[in-house]
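Here is a short briefing on one structure. Look at the model first, then read the points below.

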Amino acid sequence: MSRRVLSSCSWCGRQIAESELGRRRRYCRQSCRQRAYEHRKGLEGTGIPEDSVVLSAQEATDLADRWFAARCAAEDVATAVAEGADHTELMRLTADLVELAKDAERLR
Ligand SMILES: [Zn+2]
């Protein structure tokens, strides 16, 4: 399986669909660009580097929860494989794992 280098939004972390013209974008949508701009303005004079990723406590908790859900799904796959689960069951579990891992990619 080939691995692509994906670019992700500098604000929310979601994958960015590259335009056909190939110009690299930093944000997935206009609202992310705007929030990043406001965030940079808010950091002025604080000494915190403007490229810092600052998450609220709730955002950090939610991010950890999404990764925990992905980890649990990965453990379910490992258990199913160890127990000789059938192909259909493995397909269902791996589809869940992929969805949860994708969801865990976003920052906010
Ligand atoms: Zn975004």
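**A zinc site and a pocket**

By class, the second largest pocket is lined by four nonpolar, three polar and five charged residues. Here Ala, Val, Leu, Ile, Met, Phe, Trp, Tyr, Cys and Pro count as nonpolar, Asp, Glu, Lys and Arg as charged, and the others, Gly among them, as polar. This is a predicted model: local features need pLDDT of at least 70, side-chain atom pairs count only at pLDDT 80 or more, and totals for chains, interfaces and linings use all residues. Residues are numbered from 1 along each chain as its sequence is written, and side-chain values use heavy atoms, without hydrogens and water.

**The pocket**
- Its lining includes W11, Y27, H39 and R108.

**The zinc ion**
- C9 (SG), C12 (SG), C28 (SG) and C32 (SG) coordinate the zinc ion at 2.3 Å.
- Donors are N, O and S atoms within 2.8 Å of the metal (3.2 Å for Na, K and Ca); water is not among the atoms, so sites may look incomplete.
- Along the chain, the donors follow the spacing C-x2-C-x15-C-x3-C.
- C9 lies in the segment before α1 and C32 in helix α1, so this pair, 23 residues apart, links distant parts of the chain.- Helices (H or I, at least four residues) and strands (E, at least two) are DSSP runs, numbered from the N terminus.

**Terms for the pocket**
- On a 1 Å grid over the protein atoms alone, a pocket is an open set of points where a 1.4 Å probe fits, with protein on both sides within 12 Å along at least five of seven lines; lining residues have an atom within 4 Å of a point.
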